[in-house]
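This briefing groups selected features of one structure by topic. Please consult the sequence and the model shown here alongside the text.

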Amino acid sequence: MLNNYKRFLAYLVIKNRFNTIVQMRKFNSMFPKSAAYPLKRSRNHPKYSIPVNEGEQHSLIGVILKYPLEENRNMENDDGNLNNHCAEFLVYQDHKASFTKIVQLKADGLISCIPPGSWIRIILTNAVSHKLLKSNTILIPKKVLFCQRRVMTRCFDGQVSFAVTATRRNDICNENKFVYHSRLCDLLIDKEELIDPLIKIFGKQCEINNNNLKNEKENDDIPTKIRLWCFPFIENKEDSQLEFKLKHIDERYYTAIDTTENEYINDEKQIIINSSNDDSDCNNLNEQQQFSINFCKWFSECIERFYIKNKMNNDRKIKMDKFINLLNKKLQNNLDLPNEAKLILFGSAISGFGSNDCDLDICLINCGIDSSLNTSIFKELRLNILFKIRNLLREDKEFSKVFLLKHARTPIIEFEYLPSGFNCDICIEHQLAIHNSELLKLYTEFDERVAPLGFAIKCWAKLYGINDASTGSISSYAYIVMLIYYLQRCSPPILPFLQQEEFIINNNSLLVNKIVEGWKVYYTKDINLIKENFKSKFTNKQTLAELFLNFLHFYGFKFSFISNIAQIRANGLYDKIQANISIKRKIYVEDPFDLNHNLTSGVSSETLNHFIKCCQQPIIGLRQLDKEIFSLNETKDDENNKLEKEKLKMDFAAIMFMYRPCNETKKDPLARIFKENNLI
């Protein structure tokens with residue numbers, strides 16, 4: 001009954017809106033376009049706007065910086081005429097999402113009343129090119145329109161400044177200065193400028209702790225992310241190079257940061273895991289907000305139990321091998337295939353991240369197709385074989401739900417094998433996927449913590465609804481690459497770079513070095529020798545709980561989605577600028593071999609925001625759980641002890657599900673209509 005009432009109200013709201021629009025159109029049709037009340041145009045698409053990709057433009061977007069001083073307004077030049085009074089105008093380019101030039105704008109009556117710091121769009125009489133704009137260029141506006149601001153602006157002491165969020169770059173180090181990267185520029189900031197706002201907020205205790213830890217952990221108190229105000233200037237007017245300087249750091253931003261980002265938690269410093277004698281372990285634990293020893297031990301056991309319960313058992317592996325042999329014989333007997341043709345498993349079933357209910361990814365290789373052929377011919381030959389396999393499987397009653405996805409990036413056949421309940425995908429000559437699976441398997445064999453972490457991350461992503469690439473989210477394979485990327489860069493690192501020449505041993509039997517599908521496949525299988533050399537340099541003793549929580553913290557707070565690329569093939573800094581990729585707030589996870597393949601290309605900005613929220617929310621909830629159950633100072637009654645014991649019995653999936661955030665991108669559209677109209 002309640003649902004019917006809501007539908008009726010929604011119907012009334014939509015009907016009223018439709019009638020209003022019809023009446024407005026009838027009213028506007030009574031007047032010509034040149035009437036005093038024309039139709040309202042969108043701010044983002046004004047009448048005179050020209051597409052960005054054209055060489056010249058009739059309109060520019062930007063910010064008024066300042067007007068000429070009063071004493072200079074009535075000064076005469078050498079000819080006895082009054083000077084042109086021009087305002088400084090900072091030009092913004094939407095397709096670059098950045099400011100480019102500072103030009104002069106004639107300060108007539110059109111803009112003399114507009115305050116500095118306002119975002120405006122100017123319509124020009126003559127078209128101009130961004131490349132030809134200089135600091136002494138004078139523009140005469142034909143029309144001025146207010147537009148939506150792209151960056152927050154504010155005037156401090158008569159100077160227009162811009163608010164940006166900046167992230168500390170660890171690859172550029174200096175004694176007392178730190179480099180912070182923002183969407184506008186890279187800023188070099190002194191350590192004193194960073195510490196002063198924190199002292200104002202957290203008081204003298206923060207100053208005392210900073211002095212005590214100055215020698216041992218000098219950079220631990222430096223925040224990884226700050227909100228600051230910067231202002232533009234041109235140092236050399238001849239080259240017109242635009243630069244930014246720090247105005248001041250926004251102190252309010254520190255108070256708004258949750259404790260997951262703030263490293264100044266004095267109350268918890270007594271229960272941080274600091275019992276280890278290894279200094280490297282202490283540095284690791286400071287990477288993210290710390291939890292108690294008992295919590296990390298208990299949560300690690302939860303992850304381990306979940307992994308043991310769900311990992312693929314030997315019975316499943318035996319059934320898979322029997323099924324592959326059976327299907328291989330069926331194809332050989334009924335299709336015209338070479339004797340060398342065979343089916344090979346790849347994906348999670350062999351990489352070490354497969355569960356007892358995972359799908360089987362199967363590839364048919366050596367089927368007589370030359371991969372060096374033209375791309376279109378190669379795809380046609382693969383599709384011909386897939387059509388034959390589809391028809392063959394549909395004739396057999398043991399196979400059901402047989403579908404050919406011929407328009408996928410890699411065409412596959414989906415089907416279900418009824419006797420064993422296997423859900424399978426078959427592709428043709430997809431050699432890169434086979435090498436990807438072998439590479440992931442080597443990483444799982446390198447350290448015993450990799451596979452349990454992979455299971456925990458896949459479970460977390462599935463519970464939070466962010467694991468389906470077909471719906472614009474992140475695939476399970478991309479999550480594993482993101483995990484390896486983090487484990488290669490934690491301190492000290494846990495995994496090496498198996499594709500890097502530093503760890504390559506010239507052993508022909510264990511070295512893979514060939515061209516596959518036009519890409520260089522280069523890695524080593526001599527995992528034992530690399531393990532000896534690698535672990536002699538680095539030793540990481542973090543638990544599963546610490547690594548899992550640090551993974552969430554890394555992608556929830558530290559990873560720069562604007563400039564960074566998650567890739568596991570090369571050490572060192574490799575960002576979107578070096579890869580010639582557009583600088584946008586979009587996640588980019590690179591395939592280990594196919595360097596043009598972004599594994600997360602279908603992830604939208606809304607999904608990315610929800611992913612970040614899914615990383616942050618569990619950290620906050622688990623810290624609260626740590627305080628409630630494992631706090632050393634809190635006295636508890638019998639009822640609280642009973643509740644705590646019940647929580648301790650929960651498995652990993654149930655614990656993570658408690659802190660699942662709401663996905664606002666998938667809300668009921670009726671609920672959104674009711675909320676907009678204040679009906680609920």
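Trp460, Tyr464, Tyr479, Tyr485, Tyr486, Phe551, Phe554, Tyr555, Phe559, Phe561 and Phe611 form one aromatic cluster. This is a predicted model, in which local features need pLDDT of at least 70, side-chain atom pairs count only at pLDDT 80 or more, and totals for chains, interfaces and linings use all residues. Residues are numbered from 1 along each chain as its sequence is written, and side-chain values use heavy atoms, with hydrogens and water left out.

**Aromatic rings**

- The structure holds 36 aromatic pairs; rings of Phe, Tyr and Trp (its six-membered ring) pair if their centres lie within 6.5 Å, and planes under 30 degrees apart count as stacked, over 60 as edge-to-face and the rest as tilted.
- The charged end of Lys520 is placed over the ring of Tyr522, 4.9 Å from its centre; the criterion is NZ of Lys or CZ of Arg within 6 Å of the ring centre and within 35 degrees of the ring normal.
- Arg569 lies over the face of Tyr574, with 4.8 Å to the ring centre.

**Sheet**

- Six strands, in the order β5-β3-β2-β1-β4-β6, make up an open sheet of 6 strands with mixed pairing; strands (E, at least two residues) and helices (H or I, at least four residues) are DSSP runs, numbered from the N terminus, and two strands pair if DSSP finds at least two bridges between them.
- Because β5 (138–139) and β6 (141–146) stand at the edges with a single partner strand each, one side of each has no neighbour in the sheet.
- Strand β1 (residues 57–66) runs antiparallel to strand β4 (residues 119–128), joined by 6 bridges.
- Within this pairing, Val63 has Trp119 of β4 as its bridge partner, and Leu60 stands opposite Ile122 in β4.
- β1 also pairs with strand β2 (residues 86–93) in the antiparallel sense, over 5 bridges, and Val91 in β2 is the bridge partner of Gly62.

**Nonpolar surface patch**

- Leu373, Ile377 and Leu381 form a nonpolar surface patch with about 220 Å² of accessible area together.
- Patch residues have over 30% relative accessible area and no salt bridge, with like charges joined within 9 Å and nonpolar side chains (Val, Leu, Ile, Met, Phe, Trp, Tyr) within 5 Å.
- A salt bridge is a side-chain nitrogen of Lys or Arg within 4 Å of a carboxyl oxygen of Asp or Glu.
- Accessible areas come from the Shrake-Rupley method with a 1.4 Å probe; for residues, only the protein chains shown count as cover.
- Leu381 is located in helix α9 (residues 375–395) and counts as partly exposed because its relative accessibility is 32%.

Technical notes
Buried < 20%, exposed > 50% of the residue type's maximum accessible area, 1.4 Å probe, protein only.
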